[in-house]
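This briefing is meant for a reader meeting the structure for the first time.

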Amino acid sequence: MASEDLVDSSELLSAFKKVRTEEGCILIDEYVIAYDILAKIFVRLGTAFKFVHSDVAEKIEILKHHRTATGEPYLSVQSMIQYEVEKKLTDKKTTPLSGSRTLLRLHRAMDFIAALLDGLLAIKETDGSHIVAREAYNATLANFHPWLVRKLASLAIVTLPKRKDLEEWTFKPIPSLHGDLRGVVDLLKPIHTVVEDLYTKEDLHGLP
């Protein structure tokens, strides 16, 4: 396996440190950069999760398009949602789809990764990763996937190896790996909370 295919946990941690400002703003440019790295994890989870990676990659490109085409209103998640709510663009049906709808899909996928990493860090190296992966999936993405996708994901999760083997299959072997991943989880949680609260405030969780 080429080393460039593996996730660099220190790079991931460094990227997510830049996403949320001290004032709580979620910067879209930094969010996209960090998510590009995070998305590699889906590829390592088997064939059934590659469609999630493809969907995530597509959504990242949509956010990049909005940022380039419209500029300042898409500087942060907060400004993006305010702009699209005011302009009545949140449930826009034509392409490119709204940033609000796009981010919601990334938000849900991030919730899964955070739960997965948190669960993996809580078990022994010799424990099976499929148990925490199933729990993480059922608590997050499964709530938004149709039956067939849930079935395929379940079959893929069963094949996941022990934690140590999954780590070696996913991340570059650096001494700071576990500390980096703990730091990433600790950063993902407040980012998720900020976005979750924004969507609740504007009643956007039901975007199609």
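This is a predicted model: local features need pLDDT of at least 70, side-chain atom pairs count only at pLDDT 80 or more; totals for chains, interfaces and linings use all residues.

Is Asp203 buried or exposed? With a relative accessible area of 67%, Asp203 is exposed, because a residue counts as exposed when that value is over 50%.

**Helix H6 against helix H10**

- Helix H6, which covers residues 99–121, and helix H10, which covers residues 177–201, have axes that come within 9 Å and cross at roughly 145 degrees, and the crossing of H6 and H10 is left-handed.
- On the H6 side the contact includes Gly99, Ser100, Leu103, Leu104, His107 and Met110, while the residues that H10 brings to the contact include His178, Leu181, Arg182, Val184, Val185 and Leu188.
- Also among the contact residues are Asp111, Ala114, Leu117, Asp118 and Leu121 of H6, together with Lys189, Ile191, His192, Val195, Glu196 and Tyr199 of H10.

**Helix H5 against helix H10**

- H10 also packs with H5, where the two axes come within 11 Å and cross at roughly 15 degrees; angles under 35 degrees count as roughly parallel, so H5 and H10 are described as roughly parallel to each other.
- The crossing of H5 and H10 is right-handed, and the contact is formed by Val77, Gln78 and Ile81 of H5 with Val194, Val195, Leu198 and Tyr199 of H10.
- In the contact of H5 with H10 there are six nonpolar residues and one polar residue, with no charged residue.

**Helix H7 against helix H8**

- Helix H7 (residues 129–139) and helix H8 (residues 147–158) pack with their axes 9 Å apart and at an angle of about 160 degrees; since angles over 145 degrees count as roughly antiparallel, H7 and H8 are therefore roughly antiparallel to each other.
- The crossing of H7 and H8 is right-handed, with His130, Ala133, Arg134 and Tyr137 of H7 meeting Val149, Arg150, Ala153, Ile157 and Val158 of H8.
- The contact of H7 with H8 divides into six nonpolar residues, one polar residue and two charged residues.

**Buried faces of helices**

- In helix H5, which spans residues 77–86, the residues Val77, Met80, Ile81 and Glu84 are buried, and because the buried residues of H5 fall within an arc of 95 degrees when seen down the axis, they line one face of the helix.
- In H7 the residues Ser129, Val132, Ala133, Ala136 and Tyr137 are buried, and viewed down the axis of H7 these buried residues fall within an arc of 135 degrees, so they too line one face of their helix.

- His107 is placed in helix H6 and counts as buried at 3% relative accessibility; apart from neighbours within four places in sequence, His107 is in contact with Tyr31, His192, Val195 and Glu196.
- Lys59 lies in helix H4, residues 47–70, and counts as buried at 6% relative accessibility; leaving aside neighbours within four places in sequence, Lys59 is in contact with Arg101, Thr102, Arg105 and Leu106.
- Gly183, in helix H10, is buried with a relative accessible area of 18%, and the C-alpha atoms of Gly183 and Leu12 are separated by 9.6 Å although these two residues are 171 residues apart along the chain.

**Backbone features**

- Asp203, the exposed residue of the opening question, sits in the segment after H10, and its phi is near 55 degrees, a positive value in a residue other than glycine.

Notes:
Residues are numbered from 1 along each chain as its sequence is written. Side-chain values use heavy atoms; hydrogens and water are left out. Axes are lines fitted to C-alpha atoms, for helices over the stretch in contact, and angles run from 0 to 180 degrees between N-to-C directions. Helices (H or I, at least four residues) and strands (E, at least two) are DSSP runs, numbered from the N terminus. A crossing is left-handed if the near helix is turned anticlockwise from the far one by less than a right angle, and right-handed if clockwise. Contact means heavy atoms within 4.5 Å. Angles under 35 degrees count as roughly parallel, over 145 as roughly antiparallel, 65 to 115 as roughly perpendicular and the rest as oblique. Ala, Val, Leu, Ile, Met, Phe, Trp, Tyr, Cys and Pro count as nonpolar, Asp, Glu, Lys and Arg as charged, and the others, Gly among them, as polar. Buried means under 20% relative accessible area, exposed over 50%, partly exposed in between (1.4 Å probe, protein chains only). The arc is that of the directions from the helix axis to the C-beta atoms.
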